[in-house]
Amino acid sequence: MTVLLEVRGLVRRFGGLIAANNLSFDVVEGELHALIGPNGAGKSTAIGLISGEQRPDAGRVRFDGADVTALPIAARVKAGMTRSFQITSVLPDFTALENVALVYQVRAGHSFRFWRPAAGERALLEPAGAMLARIGLGGRADVPARDLAHGEQRQLELAMALATGAKLLLLDEPMAGLGTAESQAMTDILAGLKGHTTILLVEHDMDAVFALADRITVLVYGQAIASGTPKAIRGDPAVRDAYLGEDA
Ligand code: ADP
Ligand code: MG
């Protein structure tokens, strides 16, 4: 088991409030690791500290063998960790295929300004098409992003995040705002990515979390109170007291 992401002693204060309170946990290469906890527990703060959107007041983030605590977002993306919808937004007038091709183009170091002619290159369109197929949008490649359904736009964001070449995908509530069928589609997609891409998933939908996660870390008041398999987490009395409640 190789540890891909090592979070150690992260502290993040907002005035008198401590959103990350000596937060430590590991994500192992290849796993789908879920981060759960009540509203305001500090899940989004943790994702922000890991992705580089936020700086910790104390603590370290190590990724793929290197300390990335001081690195800006772009350098972390280059190192192989990407938050969905982070480095690039979906361009509504461009097709799903063009949006993904753009990510491959930026990755290849081309200027954003000249993207249109370059995005017509097969070297960009072929991997973009393959990525869309992998994410279940193969049949929607030529649809402008603005005409995609809400769930399809989420899928497109995911395809774009993967197109950065991410070894670690950071997802903060990818099911939020989706209907039942769309949530199920997203769950199926994430299940299909399991084992190929390491994923750190923040999600409220406990059915999805317990169906997908190899391991779960439970956050309460900015601290990890438990990490373990779904079975171990379900059976953990401290977790039940703090969070899952009697019905879990
Ligand atoms: P979660 O994602 O688990 O719901 P958050 O990480 O968004 O929790 O927030 C953790 C705590 O930090 C909450 O009490 C929230 O109000 C607070 N918080 C988050 N971001 C900020 C901010 N930019 N300024 C002030 N307080 C914040
Ligand atoms: Mg949040």
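Helices (H or I, at least four residues) and strands (E, at least two) are DSSP runs, numbered from the N terminus. This is a predicted model, in which local features need pLDDT of at least 70 and side-chain atom pairs count only at pLDDT 80 or more, while totals for chains, interfaces and linings use all residues. Residues are numbered from 1 along each chain as its sequence is written, chains are lettered from A and ligands numbered from 1 in the order in which they are written, and side-chain values use heavy atoms, with hydrogens and water left out.

**View 1. Strand E2 and helix H1 in the shell around ligand 1.** Strand E2 (17-28) and helix H1 (43-51) each contribute at least two residues to the shell around ligand 1. The largest share, three residues, is that of H1. The surrounding residues, each with a heavy atom within 4 Å of the ligand, are Phe14, Leu17, Ala19, Pro38, Asn39, Gly40, Ala41, Gly42, Lys43, Ser44 and Thr45.

View 2. Oxygen atoms of ligand 1 lie 3.2 Å from a backbone N or O atom of Ala41 and 3.0 Å from a backbone N or O atom of Gly42. For Lys43, a polar side-chain atom is 2.8 Å from an oxygen atom of ligand 1. Of the 560 Å² of accessible area that ligand 1 has on its own, the protein covers 58% (Shrake-Rupley method, 1.4 Å probe).

View 3. Ser183, Met186, Thr187, Ile189, Leu190 and Leu193 are buried (under 20% relative accessible area; exposed is over 50% and partly exposed in between, with a 1.4 Å probe and protein chains only). These residues lie on the same side of H7, because they cover an arc of only 160° around the axis, taken from the directions from the helix axis to the C-beta atoms. Thr180 and Ala181, both exposed, are carried on the face turned away from the buried side. Just after H7, Gly195 adopts a positive phi of about 90°.

View 4. The buried residues of H7 pack against strands E3 (32-36), E7 (168-172) and E8 (198-202), and against helices H5 (122-134), H6 and H8 (206-212). Glu152 belongs to helix H6 (residues 150-163). Glu152 counts as buried because its relative accessibility is 18%. Apart from neighbours within four places in sequence, Glu152 is in contact with Leu137 and Arg140 (heavy atoms within 4.5 Å).

Note on methods
A polar contact is a pair of N or O atoms within 3.5 Å; within protein, one must be able to donate a hydrogen and the other to accept it, and residues adjacent in sequence count only if both atoms are side-chain atoms.
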